[in-house]
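I opened the notebook to write down what I looked up, one topic at a time. The sequence and the structure come first.

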Amino acid sequence: MTGPVRIADLGGARAIILHRPHAVVTALTRQLQAVGLQVTTCWPELPAEALAADFVFFDADMGFDDQFPWDKGAAPMPMIALIGSEAPGRVEWALATGANAQVLKPVGDSGVYSALLIARHGFEARRTLAAEAADLRRRLGERQTVVRAVVQLMQTTGSEDAAYAALRAAAMDGRVGLEEAAARILSQPIRPVTKGTPR
Amino acid sequence: MKRTIPLGLLYSVTGSYARIGQACRTGALNAIAAINADTARQVAFDPLDRDPGGNIDLYAPLCDDILRHTTARHIIGCVTSWSRKEVIPTLEKHGGTLWYAVPYEGFEASDHVVYLHACPNQHLLPLLDWALPTYGKRGFLTGSNYIWGWEMNRLARDTIHAKGGEVLGERYLPLGSVDVARMIEEIRATAPDFILNSLIGPSSYAFLRALAELAARDPRFAPDRCPVLSCNMTECELADVGAAAEGLIAAGPYFRDGAGFGSSHEAAAYRAVIALADMLEQSPDTASLPLSALLDTPAGQRSGIDAKTHHTAQPALIAQVRGGAFQVVHNGGVRAGDPYLTGPAPSASVTRLRVIS
């Protein structure tokens, strides 16, 4: 997913830092507050209100699965890993936990703003793609419905091409997908189909 | 007996943007002279001059030289954002502070920098808020090929599009280049309602002269129909541009008013030194405090420097060069620095229009 990065809506956004008290937390908090976010710090568990947070920064060094009140990798907001040890095992855990971006420890003077933008961009892209994939999967599952509707329509239209055209016309008229139109046709008694029924 | 505190000055007083460095340095030195002459003050400053000569690769080494080999913890300096970003790691390493006295493109809030001039919500946005209804929504964007030009033009593009306007072209020149012919040709071909000029130094002077020549031949490009807008042009460069500056419109926190500061650069550098003196005045141990701790002292809290962003409130003035000097044509009010543009939007009153006579 490319295009301009969205910079709006960070003012007043809520960030949670899941890390034990440490200079890392101080430096992160300073940067986040300078950008205009509200910051809450907690360790070792995320409180229930974390579900309403806009960003979660989590410790990739000492973190563990039970800290998060959602299924692994299914965080409802962008996640940013705080990485000290770059050992492959910890990177793998951070990825499985749903990291959309990372900030390296020790945290210095900068790095948080770009991490926020990259994490949000990646999170939204992932969510959009997941929704598209679910829709495509659902439509794939309806292949048989479409085939049955075309076969039924052939009885009145005479040819496969005309049947398919009639199905498309019905979908456009009803402003629904091909699969939904097919399901509607199959649910109705058989009748002649007219092309382009006026709305 | 005054405590004498060394104070670094890191300005290029030679090189392509020397005029701005000289203006800032003048402001800093005038403030240092005032502090040193003030018998009521506990502190005096000993300026340590370093001149990178406009060479980007000399900023970090010279900053390091000041912080490593002297007891100075504070440096007034840098003009380009590129040079500021070059010295930040060095400041971080030594716990030093940079006092930065020129306008910049925002999206930064270093723990080691105080930003004393305007950022986009204080210059570019008020300028466009005023200029689009006044001149039209079709803009042409120019800039020097580094972060200032890129980011100013990105923000301008977004803002112009959000207001239903159009960007007719966007062109960059390398720092120091005076090869403006192609830009001018594109501007002639597209005939925009205004030009946003984020070129710096000699590139900017050459551009303004070439555009004035075009306007002399074709009145569609005269300042009343196609003005040049700028967020970095001040009095300190007017002499370099000469008559071609006539009609130029600039946004800034200060424009020369009688016998006051020569430019907003000079004013901001002066303000930096005075604010620092006020903080160091409080007790001898303030000399070794990091910026965050200094801002937490009573004088720090009174300084007007925001503890979270290290930015300062600035008047959003818009001025036009008339008869060789800037005249304020619109006052957008005082605005807090909002480097990430995450603060509340300014109230409607600040976009109030005033007809230019």
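This is a predicted model: local features need pLDDT of at least 70, side-chain atom pairs count only at pLDDT 80 or more; totals for chains, interfaces and linings use all residues.

Entry 1: For chain A, the assignment lists domain 1 (14-137) and domain 2 (142-187). The C-alpha centres of the two domains of chain A are separated by 47 Å.

**Entry 2: contacts.** How many residues of domain 1 of chain B are in contact with domain 2 of chain B? I read off 24 residues of domain 1, in contact with 25 residues of domain 2. On the domain 1 side, the elements that give two or more residues are α1 (18-37), α3 (81-94) and α9 (264-280) of chain B. I sorted the residues of that side by class and got 11 nonpolar, 10 polar and three charged. I then turned to the contact of the two chains, which takes 13 residues from chain B and 12 residues from chain A. The chain B side has five nonpolar, five polar and three charged residues.

**Entry 3: cores.** I looked for the largest nonpolar core and found one of 110 residues. Among the residues with the most contacts inside it are B:A28, B:I76, B:W99 and B:V273. Which element gives the most to this core? I found that α9(B) does, with 11 residues. Domain 1 and domain 2 of chain B each supply at least three residues to the core. I picked out B:W99 and, leaving aside residues up to four places away in sequence, listed what B:W99 touches: B:H74, B:I75, B:I76, B:V114, B:L116, B:A272 and B:L276.

**Entry 4: strands of chain A.** Why is strand β4 (residues 79-83) of chain A largely enclosed by the rest of the structure? Four of its five residues are buried, so I wrote β4(A) down as largely enclosed. Strand β3 (residues 55-59) of chain A runs parallel to β4(A), and four bridges join them. In this pairing I saw A:D59 opposite A:L82 of β4(A). β4(A) also pairs with strand β5 (residues 99-104) of chain A, in the parallel sense, over five bridges. Here A:A81 stands opposite A:Q102 in β5(A). I also noted that β4(A), helix α2 (residues 88-97) of chain A and β5(A) make a right-handed β-α-β unit.

Entry 5: Most residues other than glycine have a negative phi, and most peptide bonds are trans. I looked for exceptions. The peptide bond from A:W43 to A:P44 is cis, with omega near 5 degrees, and A:P44 is in the loop between β2 (38-42) and β3 of chain A. A cis bond also joins A:K105 and A:P106, with omega about -5 degrees. A:P106 is in the loop between β5 and α3 (112-141) of chain A.

For positive phi, I noted B:A191, near 45 degrees, in the loop between α6 (181-190) and β8 (194-198) of chain B. I also noted B:H310, at about 65 degrees, in the loop between α11 (298-302) and β11 (314-322) of chain B. Is B:H310 buried or exposed? B:H310 has 25 C-beta neighbours inside 10 Å, so I count B:H310 as buried.

Conventions: Residues are numbered from 1 along each chain as its sequence is written. Chains are lettered from A and ligands numbered from 1 in the order in which they are written. Two residues are in contact if their C-beta atoms, placed from the backbone, lie within 7 Å. Ala, Val, Leu, Ile, Met, Phe, Trp, Tyr, Cys and Pro count as nonpolar, Asp, Glu, Lys and Arg as charged, and the others, Gly among them, as polar. A nonpolar core is a set of buried Ala, Val, Leu, Ile, Met, Phe, Trp, Tyr and Cys residues joined through C-beta atoms within 7 Å. A residue is buried if 20 or more other C-beta atoms lie within 10 Å of its own, exposed if 12 or fewer, and partly exposed in between; C-beta atoms are placed from the backbone. Domain bounds come from an automatic or database domain assignment. Two strands pair if DSSP finds at least two bridges between them. A crossover is right-handed if, with the strands pointing away from the viewer, the path from the first strand over the helix to the second runs clockwise.
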